[in-house]
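My notebook is open, and I have a model to look through. I'll jot things down as I look them up.

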Amino acid sequence: MSAQRTAIKVDGSTLLVRIFGYGFIGAFALACFLPFMLVVGTSFTSESSIARHGFNFWPRVFSTFAYKIVFENPDLIIGSYWVTIGITVVGTAVGLFIVAMTGYALQRPDFHYRNRISFFIYFTTLFSGGLVPFYLLVNQYLALKDNYLAVLLPGLLSPFLIIMMKSFVRSIPHAITESAKIDGAGDFTIFLRLILPMTTPALATIGLFIAIGYWNEWYNAMLFLSPDMKYRTLQLFLYGVVTSADFIKNSSAASNVDLRDLPLESMKMATAVVATGPVILLYPLVQRFFIQGITVGAVKG
Amino acid sequence: MPAPKTKRRSSLRTLLANRTLLLMCLPAIAFFLIFSYLPMPGLYLAFIQYNYTAGIFKSPFVWWDNFRFLVMTGDLWRLTFNTIAYNVMFILLGNALQITVAIFLNELRSKWFKKVSQSLMFLPYFISFVLIGLIAYNILSYDYGLLNGFLKMIGADPVKTYSNPHLWPFIIVITYLWQSTGYGSIVYFAAVMGLDSEIVEAAEIDGANAIQRIRYIILPWLKPTFIILLLFSLGGVLRGNFGLFYNLVGANNSSLYATTDIIETYVFRSLMTNFNFSMGSAVSLYQSVFGFFVVLSANWLVKRVSPDNSLF
């Protein structure tokens with residue numbers, strides 16, 4: 001078939017569209033990529049060169065000084081890494097299980113309370129109490145201030161993910177559930193032993209959504225983890241480095257470097273590289289699942 | 001009275017018959033009850049003059065005074081305008097760019113190029129808003145930024161981006177498009193792929209060129225997807241993208257508020273900077289009620305356009 005397609009003579013306008021397409025997509029892809037080069041390039045540039053020439057994609061005067069200082073006192077950033085990894089792993093595992101369980105139950109046509117619970121969940125996207133009551137609830141009534149649970153718990157599920165799971169599971173014939181019931185299997189067993197293994201692509205997609213959310217989490221951390229707490233989430237740590245020179249000075253506390261000589265700008269970039277690195281390296285591997293998930297979720301509604 | 005009794009017994013029987021599935025939903029029910037429903041009564045804060053030492057129930061009840069204040073200072077109007085205007089730009093330009101990317105991707109013949117460019121366009125979606133804020137700073141900073149470096153190189157005057165409110169609508173919209181287009185174009189790309197290739201081939205044999213193909217086959221084919229996505233996003237038109245605004249503009253850059261302050265940043269500030277809990281709640285309540293009606297109208301529209309896709 002493809003031979004047939006190329007056999008059709010390529011006329012002028014088709015050629016034009018193609019040239020334009022390559023140009024446009026190429027330029028856009030480059031624009032998506034270059035800013036990362038800018039961060040990496042600057043992180044390897046000496047501070048004096050930044051002061052003279054500004055930020056650049058390629059270091060004019062190469063220097064690893066910023067990384068040296070970031071890693072000289074690695075305690076804080078490693079601590080933040082562990083906090084983020086811990087929250088991501090636990091949150092994704094627990095959240096994914098609950099989302100899958102709820103999504104399965106809510107699409108069962110024979111589940112009597114299906115519509116009522118669906119509406120109960122969906123209504124939270126329509127109307128909310130807003131930030132202030134939420135803050136008071138977590139802070140005072142649940143007493144989770146300075147507790148990592150305040151970062152972990154609110155990110156566990158979202159109506160969007162449950163709806164997505166629902167539409168995924170709907171593609172599995174209900175007859176499977178019914179025949180298993182006749183064989184005497186309970187609802188939870190059916191879910192755990194039959195349905196869960198059949199929804200691996202869905203689980204991968206939804207798990208990724210939750211995991212990315214936790215890895216990039218800084219909002220709840222900013223609200224509920226106070227600055228005098230030693231370890232923050234990775235992104236909140238980065239936020240501190242990016243927005244406050246004092247934070248850099250305090251957190252690096254480099255023993256043998258005069259604080260006035262700290263390479264503030266390149267240190268911001270070096271911290272950003274260290275904090276973002278793993279996600280950038282992993283994402284080409286996981287991107288496929290995302291595309292699968294969005295496609296199925298979107299087309300099926 | 002036998003009738004209610006049997007009814008009660010049968011509802012008990014239903015409950016028992018569904019108990020496992022109900023239990024499976026219990027964690028989710030508890031989650032939304034705690035984190036979504038419990039804060040709702042807290043909107044009472046909007047009607048009091050909240051005093052931290054007195055607590056919620058001993059603070060004076062002031063009826064609509066908080067709202068009156070918001071209207072009188074012009075804050076409410078500015079926040080509404082900014083939030084809606086940004087979202088409208090996001091939705092319209094976002095969809096236009098996503099459709100363009102999807103159509104062009106479909107026209108490309110090199111598999112390798114397609115794959116690599118799609119991966120690169122997807123990249124910004126995976127990073128945190130903190131890094132996005134840093135990247136913006138890389139480009140816009142007065143002293144070291146790429147933009148001013150370029151302006152100096154061509155002999156122009158550098159711009160003080162972080163104190164010029166007129167530039168920010170462009171900066172924010174461009175950043176939004178930069179981050180979300182690759183991700184958002186997947187839906188349209190999937191829709192283009194779903195197009196029956198026989199139709200396209202028949203058109204080609206009939207002598208339709210690429211522009212005609214796009215104009216008369218692909219664009220009409222994408223119209224329903226566009227309308228549905230448009231209507232869905234309409235529901236969130238009063239909700240802002242807090243992470244984007246907060247990290248781009250900075251926490252307390254009041255010189256830019258006129259063009260960058262949205263509902264979420266105002267509420268956040270009233271909580272974390274001004275400690276004016278009542279004002280923050282008043283704005284939230286306004287957002288929720290107004291937003292609720294917007295969603296209802298959007299859903300009514302969805303129902304008219306395509307009954308299968310309406311939410312309720």
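This is a predicted model: local features need pLDDT of at least 70, side-chain atom pairs count only at pLDDT 80 or more; totals for chains, interfaces and linings use all residues.

**Entry 1: a salt bridge in chain A**

Which residue forms a salt bridge with Arg108(A), and how far apart are the closest N and O atoms? I looked it up: the partner is Asp110(A), and the distance is 2.8 Å.

Arg108(A) counts as buried because its relative accessibility is 0%, and the cut-off for buried is under 20%. Asp110(A) has a relative accessible area of 38%, so I put Asp110(A) down as partly exposed. Over all chains, I find 11 salt bridges in the structure.

**Entry 2: a salt bridge in chain B**

I moved to chain B and found Arg78(B) in a salt bridge with Asp261(B), again with the closest N and O atoms 2.8 Å apart. Arg78(B) sits in helix 4 (residues 75–107) of chain B, while Asp261(B) is in the loop between helix 12 (257–260) and helix 13 (263–272), so this pair ties together parts that are 183 residues apart in sequence. Arg78(B) is partly exposed, at a relative accessible area of 23%. Asp261(B) is buried, at 1% relative accessibility.

Is Lys268(A) buried or exposed? I wrote down buried, because the relative accessibility of Lys268(A) is 10%. Lys268(A) is part of helix 16 (residues 264–300) of chain A. Its side chain meets that of Glu265(A) in a salt bridge, 3.8 Å from N to O. Both residues lie in helix 16, three residues apart, which is about one turn of the helix. Glu265(A) is buried too.

Then I listed who else Lys268(A) touches, skipping residues up to four places away in sequence. The list includes Leu238(A), Val241(A), Val242(A) and Ile248(A), and from the other chain Leu134(B) and Tyr137(B).

I followed one of those names. Leu238(A) lies in helix 14 (residues 234–243) of chain A, and Leu238(A) is buried at 0% relative accessibility. Leaving aside neighbours within four places in sequence, Leu238(A) is in contact with Lys268(A), Thr271(A), Ala272(A), Ala275(A), Val130(B) and Leu131(B).

**Entry 3: where the chains meet**

Those chain B names made me look at the interface. How many residues of chain B are in contact with chain A? I got 97 residues of chain B, in contact with 101 residues of chain A. The area buried between the two chains is about 9000 Å², and carbon and sulfur atoms give 78% of it. Met24(B), Phe126(B) and Tyr144(B) supply 9% of the area that chain B buries against chain A, more than any other three residues.

I searched for salt bridges across this interface, and the rule finds zero. For polar contacts, the rule finds 19 residue pairs. Helix 2 (residues 19–37) of chain B gives the most to the chain B side, with 15 residues. That side divides into 68 nonpolar, 23 polar and six charged residues.

**Entry 4: the nonpolar core**

The largest nonpolar core has 185 residues, and Leu157(A), Phe290(A) and Ile172(B) have the most contacts inside it. Helix 8 (residues 168–193) of chain B gives the most to this core, with 14 residues.

Background reminder: most residues other than glycine have a negative phi. I found two that go the other way. Ala143(A) has a positive phi of about 50° and sits in the loop between helix 7 (131–141) and helix 8 (149–152) of chain A. Ala143(A) is exposed, with a relative accessible area of 53%. In chain B, phi of Trp63(B) is near 55°, also a positive value. Trp63(B) is in the loop between helix 2 and helix 3 (65–72) of chain B, and I noted Trp63(B) as exposed because its relative accessibility is 59%.

Methods:
Residues are numbered from 1 along each chain as its sequence is written. Chains are lettered from A and ligands numbered from 1 in the order in which they are written. Side-chain values use heavy atoms; hydrogens and water are left out. Contact means heavy atoms within 4.5 Å. Buried area is the accessible area (1.4 Å probe) that two parts lose on being put together, summed over both. A salt bridge is a side-chain nitrogen of Lys or Arg within 4 Å of a carboxyl oxygen of Asp or Glu. A polar contact is a pair of N or O atoms within 3.5 Å; within protein, one must be able to donate a hydrogen and the other to accept it, and residues adjacent in sequence count only if both atoms are side-chain atoms. Helices (H or I, at least four residues) and strands (E, at least two) are DSSP runs, numbered from the N terminus. Ala, Val, Leu, Ile, Met, Phe, Trp, Tyr, Cys and Pro count as nonpolar, Asp, Glu, Lys and Arg as charged, and the others, Gly among them, as polar. A nonpolar core is a set of buried Ala, Val, Leu, Ile, Met, Phe, Trp, Tyr and Cys residues joined through side-chain atoms within 4.5 Å. Buried means under 20% relative accessible area, exposed over 50%, partly exposed in between (1.4 Å probe, protein chains only).
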